[in-house]
Amino acid sequence: MRGTLALARSFDRPVRLLLVNQLTINTGFYMLMPYLAGHLSGTLALPAALVGLVLGIRNLGQQGMFLVGGTLADRLGHKPMIVAGCGLRTVAFLLLAVADSLPALVIASALTGFAGALFNPAVRAYLAREAGARKVEAFAVFNAFSQVGILVGPLVGLLLNAVAFRLVCLVAGVMFAALTVAQMRALPGNTTRESGGDGRGVLPAWRGVAGDRPFLLFSLAMAGSYVLNFQVYLGLPLEVRRVTGGELGITLVFAVSAVMTIAGQARLTAWAARRWRPPQAIARGLVVMGLAFVPLALAAPWAGTVAVPSGGVAGMLALVPVLGTAVLLSLATMIIYPFEMATIATFGGRHLVGTYYGLYSTLAGFGIAAGNLLTGWALDLGARAGLPALPWLALALIGLGCAAAVAALDRSGRLAPSPEAVRATA
């Protein structure tokens, strides 16, 4: 942790503010969102289909609008979009505190998602531009600060939700309101380094990005990594419940991931940067990500065959394969993320970094949606066919396939930045 803080202090004030900004955003978001489904189905007594609708609209409003948010950041400036997104999320969370009808809940959910689509690409584009040649280091510490929020937010939310869900919404909304005001006053506008896009209209710029074949191939190669990472929300919780019948292991999975990233991200990134070029680091991280599912595949034939209480020594032993997968997934993400984000910034050049981040996030969202359907199908098929290792082996092969694809792009020279791109993003 000391290494992460020392690295954070080594950056200029705008980068440090962006780090605190991301920590606060994640704290407020994860304070509320894990408990929203329970509020909808419990307090408001909505049927499961409507709960899924409300939550799905939030995801669609964010993933589907990332390209718009990124383009607005390129053309109107990064700071205005960050401020607008946080202000909009303030309104959305306060509306969730009082909404008790389906139309109001849908509006609040859609606003929550659109707010994320506004500030997420803008924050990353701003960070990439301000960090200059130190983009990899900046995204490493950015990831660590993000994980602090992911770790702290649910704990705070748990305490507040014990009183009332509305209190969670009010506190989260106040946090975003304070963050909005603080960013308006303290976050420097980097307008001297922005030029409102690349001189083309929106549609020509979108066509240019959509026609960037190396970028699209890289996005396609990386889509599988998001499917694998998402298993901490899908496959791993299902496996925890299957082998222990309890929820404790799910909490441990998230805690392990957050603590590893907070404690080791800065040092691991520095170690990888000394040894590998960015495409090599990404490919090796994808190999680790694929191998992360091997412990579950090896243990699957025996796991869950005997009832194990969720507490005690037996319960902890049953969780060893799941926690092993969580550790390797976290390690892989720590290797990949800083180099991945820096690579996208290089593709975007000086004028279209937000647009590139926006399209990349949208494509990743579609990949997650399709991957979740296939993962669920594989889990069901494995259970019916008596092959419980099947889904985990399939996920391992996806990781190795993604690694091979990135390595092939690297060998072909498609991931080598041009001198003009290097100068533009430095």
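Me: Contact means heavy atoms within 4.5 Å. What is glutamine 183 in contact with, leaving aside its neighbours within four places in sequence?

Reply: Glutamine 183 is in contact with Asn21, Lys79, Ile82, Val83 and Cys86, once neighbours within four places in sequence are left aside. This is a predicted model, in which local features need pLDDT of at least 70 and side-chain atom pairs count only at pLDDT 80 or more, while totals for chains, interfaces and linings use all residues. Residues are numbered from 1 along each chain as its sequence is written, and side-chain values use heavy atoms, with hydrogens and water left out.

Me: Why does glutamine 183 count as buried?

Reply: Buried means under 20% relative accessible area, exposed over 50%, and partly exposed in between (1.4 Å probe, protein chains only). Glutamine 183 has 4% relative accessibility and therefore counts as buried. Glutamine 183 is found in helix 9 (residues 165-186); helices are DSSP runs of H or I with at least four residues, numbered from the N terminus.

Me: Why is glycine 290 called buried, and what does glycine 290 contact?

Reply: Glycine 290 counts as buried because its relative accessibility is 0%. Glycine 290 lies in helix 14 (residues 278-291). Leaving aside neighbours within four places in sequence, its contacts are Leu228, Ala396, Gly399 and Leu400.

Me: How do you know that cysteine 169 is in no disulfide?

Reply: A disulfide is a pair of cysteine sulfur atoms within 2.5 Å. A search of the whole structure finds zero disulfides. For cysteine 169, the nearest cysteine sulfur is that of cysteine 86, 17 Å away. Cysteine 169 is buried because its relative accessible area is 0%; cysteine 402 is also buried, with a relative accessible area of 8%.

Me: Why are helix 11 and helix 17 called oblique to each other?

Reply: The axes of helix 11 (residues 213-229) and helix 17 (residues 353-384) come within 8 Å and cross at roughly 45 degrees. Angles under 35 degrees count as roughly parallel, over 145 as roughly antiparallel, 65 to 115 as roughly perpendicular and the rest as oblique. Helix 11 and helix 17 are therefore oblique.

Me: Which residues make up the contact of helix 11 with helix 17?

Reply: On helix 11 they include Phe215, Met222 and Tyr226, and on helix 17 they include Tyr356, Leu363 and Gly371. The contact divides into 12 nonpolar, four polar and no charged residues. Ala, Val, Leu, Ile, Met, Phe, Trp, Tyr, Cys and Pro count as nonpolar, Asp, Glu, Lys and Arg as charged, and the others, Gly among them, as polar.

Terms used: Axes are lines fitted to C-alpha atoms, for helices over the stretch in contact, and angles run from 0 to 180 degrees between N-to-C directions. Helices (H or I, at least four residues) and strands (E, at least two) are DSSP runs, numbered from the N terminus.
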